[in-house]
Amino acid sequence: MPDADRRDTQQKGFLNHMADKEQQLLPGRSNHAGKLPQPEKKLQEAVCVLLVELCERFTFFGIVCNMILFCTVKLGYRSYQAAIVNMCFVGTSTLTPVLVGWLAEYLVGRIKLVCICMFLHFLGTALLPVVSFPFEDVYIDRRHILHALPKREQKIVFYFALLTASLGIGGIRAIVCPLSAYSLEDCGPKELLSFFNWFHWLVNLNSAVVFVSISYIQQSVARNLGFLIPFVSGLMAMITIHMVRGEMIYKPKTDSSLLTTFGVIFSALRTCCVRYRYFSTGVATWLDHAKENHGGQYSEIQVEGTKSLARLFPLFTFQILYRTCIMQIPSGYYLQTMNSNLHFSGFVLPVAAMNVISIVPLLILVPILECINSWLFSSKNTGHSPTVYIVVGHLSAALSVMVAGFSEIHRKHFPQVEQTLSEEVLLVSSMPCFHLAPQYILLGVAEALVTPSCSLLSFWLVPEGMRGISMHFLALFNGAGCFMGAFFVQTAHAGTQGNWFPHLLHEGKLERFFFFLASLMMVNTLGFWTIAHRYNNLHQDCTNEFRGCLPGEKLLKHEKAIKHYNTVLESSPILSPMEKT
């Protein structure tokens, strides 16, 4: 019997090991890659995922870079309407990975859903050239050009293309390029910060190439033909996914989900309200009401994971207004540049090329920050936290928007001249567009400091099973910042009859909108500075508290206490022999 039990135990262990191994791969995944050595396989997977990520970002920035110019010149939108459309597209592309990740986990399945998202991405990028017909530089013969779509149908196709493209972008980001694909589980805070720094460095280098090349093609050489470039880039990403899908499509290991997290919060609120109304409460925090032993519906592990995530909610909340300031680059700053003199040595600069000025500080600062981080993490100061970077970055963003307000006042002092953009003659200020460079530089510095630091805190300060959920919440709050920017533009335009966000900038007071946003951002910076100390050494406290609340850890503590009590009883000289027995 003991031999049989031992054999059964070995067989169960082997089956569990094989089941865990199969969970790492989805059904249908190719096993030929297993013939490669493990380091080469991991390198191949990382390179493929990075290439798809860069192709997807190339597509995304190619759509965004000249959307305002296209909406105002081709579709006849007002300036504030074009800015709202651009910010809503960015916000939707930020939120769709969260939605698609949930669908892949519970409803559709990852393989099927990634095929659907690739089709949607292909459809959206293919429909964008349809919106921009006719190609003015392509003739059927010497007398006729291709027929154009009516304005109404053109707008319908344009919105449908943007929606399908954003859904496809969300699927690629959530399923093909999640953070788990980069094998960050065993990395420490130093390695994680280095990864996020260089990852955002590569993404911004890619966007710099897009803003210079695609914006020039769309604006000067063949502005409508430029929409084919996002289509080609998306097609390249899909081919790459198809070729190496066996190594790129992961099923991340998670101990929780968005539904579980929201369920814990709502269950705790409901139970807390009932207990507050009818009973006295005796729990440490309000989320403890969701535990099964306090009348809730969720286990202790799920509630403790949600509690560690809830500590990051103030951090996420203060990123909303920061993201609103960042969204001024493709909205307010873009309109300022479009209404400035773009001529430089006989050459007309693309409007979106000014975005490169905001990227250059990031490309320069990342290597410098890497040296600083290496020194700080290697020093005896183990309490180093990137919250200082976030505070300085928020301050830089507030100063950028304030400088934009002064630049707008300065721009109006120059006489107006005619300038041709996309074969349309516009009346703009004669101020050189390079006078706007300081506000772009300050926002670039802010991005170099804030985005990698927030990613590190969101990823590191929660238990391993909650890291994917934490990054999803960060994406939710970033998307909320984009939509808040659109809400501010709409409210400022409607509340001031177009004075604070005018269609023609020289007829309004756009600087007042910038000053209002800068004042809000200064208050936001002070607010985050007051709570930044919570995240200085939170990773140690969070890990210890979470582990200490696990049932297994509690049992070990109780066993140690019982053993210690028995030892005291046996060695105590006070107790009589009758009391010991």
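**Buried charges and a bent helix**

Author: Glu56 counts as buried, because its relative accessibility is 1%; buried means under 20% relative accessible area, exposed over 50%, and partly exposed in between, with a 1.4 Å probe and protein chains only.

Reader: What does Arg173 form with Glu56?
Author: Arg173 forms a salt bridge with Glu56, and the closest N and O atoms are 3.0 Å apart. The pair links distant parts of the chain, with Arg173 in helix α6 (residues 151-176) and Glu56 in helix α2 (residues 38-64), 117 residues apart. A salt bridge here is a side-chain nitrogen of Lys or Arg within 4 Å of a carboxyl oxygen of Asp or Glu. Helices are DSSP runs of H or I with at least four residues, strands are runs of E with at least two, and both are numbered from the N terminus.

Reader: Is Arg173 buried or exposed?
Author: Buried, because its relative accessible area is 15%.

Reader: Before going on, what kind of model is this?
Author: It is a predicted model, where local features need pLDDT of at least 70, side-chain atom pairs count only at pLDDT 80 or more, and totals for chains, interfaces and linings use all residues. Residues are numbered from 1 along each chain as its sequence is written, and side-chain values use heavy atoms, with hydrogens and water left out.

Reader: Back to Glu56. How far apart are the closest N and O atoms in its salt bridge with Arg57?
Author: They are 3.5 Å apart. Arg57 counts as buried because its relative accessibility is 18%.

Reader: How many salt bridges does the structure hold?
Author: The structure holds 6. Another one is between Glu304 and Lys307, with the closest N and O atoms 3.4 Å apart.

Reader: Why are Glu304 and Lys307 separated by about one helical turn?
Author: Because they are 3 residues apart in helix α11 (residues 300-310). Glu304 is buried at a relative accessible area of 5%, and Lys307 is buried at 14%.

Reader: Next, α12. Where does it bend?
Author: At Ile320, by about 30 degrees. The bend is the angle between axes fitted to the seven residues ending there and the seven starting there.

Reader: What should the 14 residues of α12 span?
Author: At 1.5 Å a residue, helix α12 (residues 313-326) should span 20 Å, and its end C-alpha atoms are 20 Å apart, which agrees. The expected span is 1.5 Å times one less than the number of residues.

Reader: How many residues of α12 are buried?
Author: 11 of the 14, so α12 is largely enclosed by the rest of the structure. Among the buried ones are Phe316, Ile320, Tyr322 and Arg323.

Reader: What covers them?
Author: The cover includes α11, α15 (387-412), α16 (437-460), α17 (467-495) and α18 (510-531).

Reader: And the whole chain: how many helices and strands?
Author: The protein chain has 21 helices and 4 strands. Of its 581 residues, 50% count as buried.

Reader: Which residues make the nonpolar surface patch?
Author: Phe262, Phe266, Leu269 and Trp286 make a patch of about 390 Å². Patches take residues with over 30% relative accessible area and no salt bridge, joining like charges within 9 Å and nonpolar side chains (Val, Leu, Ile, Met, Phe, Trp, Tyr) within 5 Å. Accessible areas come from the Shrake-Rupley method with a 1.4 Å probe; for residues, only the protein chains shown count as cover. Phe266 lies in helix α10 (residues 258-278) and counts as exposed, at 52% relative accessibility.

Methods
Contact = heavy atoms within 4.5 Å.
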